[in-house]
Structures are given as C-alpha cells and as structure tokens.
Amino acid sequence: MAFRKAVLVSAMAGSAVLWQQSSAQAVTVEYHGKPLDVARPGDIVPGEVVVVADTPAGRVRLLAMAERQRGLVARSYPHAGVQVWRAADAAALAAQLNQQPGIHAYANPKVSVIVPPEVLKDVQPLIEAGNAAAKDAAGGGTVTANWTSADRSVSAQWALWMVKEPLAPAPPTGVKGIAIIDTGVDYTNPELRGRVVSVKDYVDDDTDAMDLQGHGTHVAGIAAAAAGNGGIRGISPKSTIYAYRVLDEKGSGNLANVIAAIRDAADNPKVAVISLSLGAYVPAGGPAFNDVAAAVDYAVLQKGKVVVAAAGNEANSDMYYRQWQGSAWRMVPAAAPNSLTVGATTEADGRAWFSNYDITQSSYDGRTTYDWNFVDIVAPGTNILSTTLGDGYERWSGTSMAAPLVAGAAARLWDSNLSWTSAMVSDRLIRTGQPRCAAN
C-alpha cells in the first residue's frame, strides 16, 4: 500500500483557538480543527446523579428502587453496580439517595480528553507555559535496528527510537489485547482495519464505537498501528484493539460511563491492558474518587489487567493552585493507586513542560504541603506521529500520547512472557526504565 499523504501538525504550532466559554468553569476550545469540550474541576453533567451500591444488600435495594422509579433511571450498568438517575434538582436527589443504607450518590462528574498542552492558555490562565518550544523530531536512526518493517515513517517516529523499540526482537503474535477507552476508534483507518473490535459505545448506547473526534484513533495508532503497510507502526503492532467509546464528538463524557467501561474491559477475557487517556478532577478521597479507584482495583487486583492512565497536562498547576486555596482535587483515573500512571517526556529526553509530575514539598509560605506521588513511569509525549480519522497522520502532544505507548509496550512485553502476571509486567517496565529527571 502506498504511503498516504500525512497532515502533519507541529506540537506547538498554535493550532488551538478559543471557541467558546460555556459556563464559569467549562470551556470549549478548537483543537486540530474540531471543538473540544474539556472538563475542569467541579464540572458536572447537569441533572445527572451517579448511584452506586456499596454492598450486596445495597445492590438489591438499588434495583428495587430503580424498578419503582423507572422514570428517573437514565442508564443502568448492572455489572458495575452503577446507575445514573435524572432529576431537575440533582443535589436534592443525591442527598435523598444517600440516606438509603448500602447506597451512595453524587452529581455525575464531567470527563474529557485530557486537556492538550496547546490549549492550556485558553483553558487555565494560571498555567505558566514556560519553555514550550518543541525540538525537531530526533530520528535517532544511527543504530542498527534489530527488526524492520515496510513503513516509510518509522524513521520519523522518534518515540520508537527513544524507547529502543527497533532494537527489540520482532513482535510475537499478539495475544494480549489492548482496550482503548476514549472517543472510540476509527476502525476503517488502513493502519487499524481488521484489528479493532468495536465493543461498546456508551455515548449512543450501542456497539458501534466509531470515533467521531479523532483522539481515540490517535491513541490507538500509537499503541498498535499495523507494521508493514507503508505508513507508521505502533509499539505493539500485532495487538488487537478493543474499542470502548465513552467520549463524544467533542471529547466530552461523564464519570459513570468511564467507571462502567473500566469494569466492562476488566471482564473481557481478551483484554490484558486498559489504556485511559482521559480524566476528570474530583475531590481526593470523595465518593467519585473512590469509585474510580475501586474500578481500577477491580481490573488490576481481581481480573489481573494492567491499567494505564495518562497523568495530565497541567504541569501540576491545577493541583498547586487548588490545594493552596484549601481544596484537594485529583486527576482520575491517574491518581488511582493501582493505575500505571504515565507522564510525558520530550525529544531531548527530559520531562515535557506540560506533564504532571511527582512532588513532595512544602509551599513557599508554609501554608500547605504538596504530596503528589502518582506518576509511575514516563514516556515520549511530544510531537507524536500517529493515525487520525480517515487515513491521515498528525503529530499530537500530551500525556494522552505517552500513555498508549506504555500500554502497547506492556502488551508486547507480556506477549513475550505469557506466564507473567500484570504486576510483573508493570514492575519490569518501571525497573528497566532509565531515570530521566531528578527525584520529584
């Protein structure tokens, strides 16, 4: 197949412009020619309440309540013990439901594609961009590859060379599938055609997880674009992608659907690795945080999956500012204790200016202590060439791009060591990684 003409967009080419501001917190921006509706701390889906059963008795009670109040139930996910109820006064309904034994409820947090670094200035004026200048892609092709494929753009995929993918043995037959929980995946893209299983569209409540936004397709290509077809190749080019669409054509969704999708993918016996390049800020230790952490725990501890999450792109600014103001917001699923959380690095092999990162230190005035140690590993995340809708290619940046690279690496490593557990896979990736930045 001839190499298709790529639409290459430089990571810092200023492709973002302010689209509209829809409320005091929610902001919609233009990103790569499409509107992107991003989630900010405190954003909720109006009129929706997440209702979760804490105990078996609570699950029975919730099902009975839902039967009596069928008009209030918008969506139900029995496998996850989660329902979404509708009400004009969501706060009042949540308060009423919280009085029921074995049940807890809260307003449904908004989730979105993790805010791309190019639009931070529009989304969060508190962000100091710092030195956002990106270097030209480092081909790195001065070493002899251990395996090659007929993909003309491999030399331009600097991330593959940085993690020494061409020096690894040729990928084995892909047994360990990768779940992409995102905007869906364009399964007609030649790099992905025939290798994507469309599992569930939580947005439209059907089984067609076609991507209408592009983010999930870019993520999928990084993880598992086919080798040998003349274009690019993914880090695990023989892996099957299992697509779960939880974000709409504006990259926006809700936490209840994400929780259900994580549990759904955990129950899929063909899925070994779950990739999550999305997020919401919720109060640390609150019910929403705990429900996401419980879903990740279910996938990792009970079902033996590797759950990979993008760390976020605010350079810790949101967390600094809000904790200094007295409120502890955390990015989920990145902050879930059992997720394999991924920060981003640059072509120069240092931390990307936008990437969230670990830190333990007191604020300059002694008012608060910043103690965020949730990033487990870092990977290339600037100017990453991958697939877009149709048959195009673009360079995007963010921890959203770093996470699927780690997800693909996990699947490929696991395929070469089929007797390993998920913990052994994650541990091997972390232990054999190279220290790139100072502690914290």
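## A pair across two strands

Asp201 stands opposite Arg245 in strand β10. This pair belongs to a predicted model. Strands β9 and β10 run parallel, and 5 bridges join them.

Both strands sit in an open sheet of 7 strands. The order is β9-β10-β8-β12-β14-β16-β19, and the pairing is parallel. Which strands stand at the edges? They are β9 and β19 (377-380). Each has a single partner strand, so one side of each is left without a neighbour in the sheet. From one strand to the next, the twist averages 25°. Helix α6 (residues 255-267) packs on this sheet. It touches β8 (177-182), β9, β10 and β12 (271-276). The direction of α6 makes about 160° with that of β12.

## The whole protein

Now step back. The protein's secondary structure comes to 10 helices and 21 strands. Of its 440 residues, 58% count as buried.

Take the contacts between residues at least 6 apart in sequence. Among these, 76% join residues at least 24 apart.

## The nonpolar cores

In soluble globular proteins, nonpolar side chains tend to be buried together. Here the largest nonpolar core has 101 residues. Which members touch the most others? They are Ile181, Tyr244, Val273, Ile274 and Val308. Helix α9 gives the largest share of this core, with 10 residues. Another core lies apart from it and has 13 residues, including Leu62, Ala66, Ala90 and Leu93.

Ile274 shows what such a residue touches. Leaving out residues up to four places away in sequence, its contacts include Ala179, Ile181, Ile262, Ala265 and Ala266. Ala299, Lys305, Val306, Val307 and Val308 are also among the residues that Ile274 touches.

## Two helices in contact

Two packed helices are described by the angle between their axes and the distance between the axes. For helix α9 (residues 399-415) and helix α10 (residues 422-432), the angle is about 120°. Their axes are 10 Å apart. The crossing of α9 and α10 is right-handed.

Which residues make the contact? From α9 come Val406, Ala409, Ala410, Leu413 and Trp414. From α10 come Ser422, Val425, Arg428 and Leu429. By class, this contact of α9 with α10 has 7 nonpolar, 1 polar and 1 charged residues.

## A buried loop residue

Ile235 lies in the loop between α5 (215-224) and β10 (241-245). Is Ile235 buried or exposed? Its relative accessible area is 5%, so Ile235 is buried.

Ile235 and Arg412 are 177 residues apart along the chain. Yet their C-alpha atoms are separated by 7.6 Å. Arg412 is also one of the residues that Ile235 touches. Others among them are Pro404, Leu405, Gly408 and Ala409. Leu160, Val163, Glu165, Ile222 and Ala223 are touched by Ile235 as well.

## An enclosed strand

Strand β13 (residues 278-283) has 6 residues, and 5 of them are buried. This strand is therefore largely enclosed by the rest of the structure.

Bridges join β13 to other strands. Strand β7 (residues 103-113) runs antiparallel to β13, with 2 bridges between them. Ser112 has Gly279 in β13 as its bridge partner. Strand β15 (residues 329-332) also runs antiparallel to β13, and 4 bridges join these two. Pro283 stands opposite Trp329 in β15.

A cis peptide bond joins Val332 and Pro333, with omega about 10°. Pro333 lies in the loop between β15 and β16 (340-345).

Asp205 is not a glycine, but its phi is positive, near 55°. Its loop runs between β9 (196-201) and α5. Asn316 is not a glycine either, and has a positive phi of about 70°. Asn316 lies in the loop between β14 (306-310) and α8 (317-324). How do the two compare in burial? Asp205 has a relative accessible area of 59%, so it is exposed. Asn316 has 0% relative accessibility, so it counts as buried.

Methods
Residues numbered from 1 in each chain as written. Predicted model: local features only at pLDDT ≥ 70, side-chain atom pairs only at ≥ 80, totals over all residues. Heavy atoms only, no water. Axes fitted to C-alpha atoms, helices over the stretch in contact; angles between N-to-C directions. Left-handed = near helix turned anticlockwise from the far one by under 90°. Contact = heavy atoms within 4.5 Å. Nonpolar A, V, L, I, M, F, W, Y, C, P; charged D, E, K, R; others polar. Core = buried A, V, L, I, M, F, W, Y, C linked by side-chain atoms within 4.5 Å. Buried < 20%, exposed > 50% of the residue type's maximum accessible area, 1.4 Å probe, protein only. Pairing = 2+ DSSP bridges.
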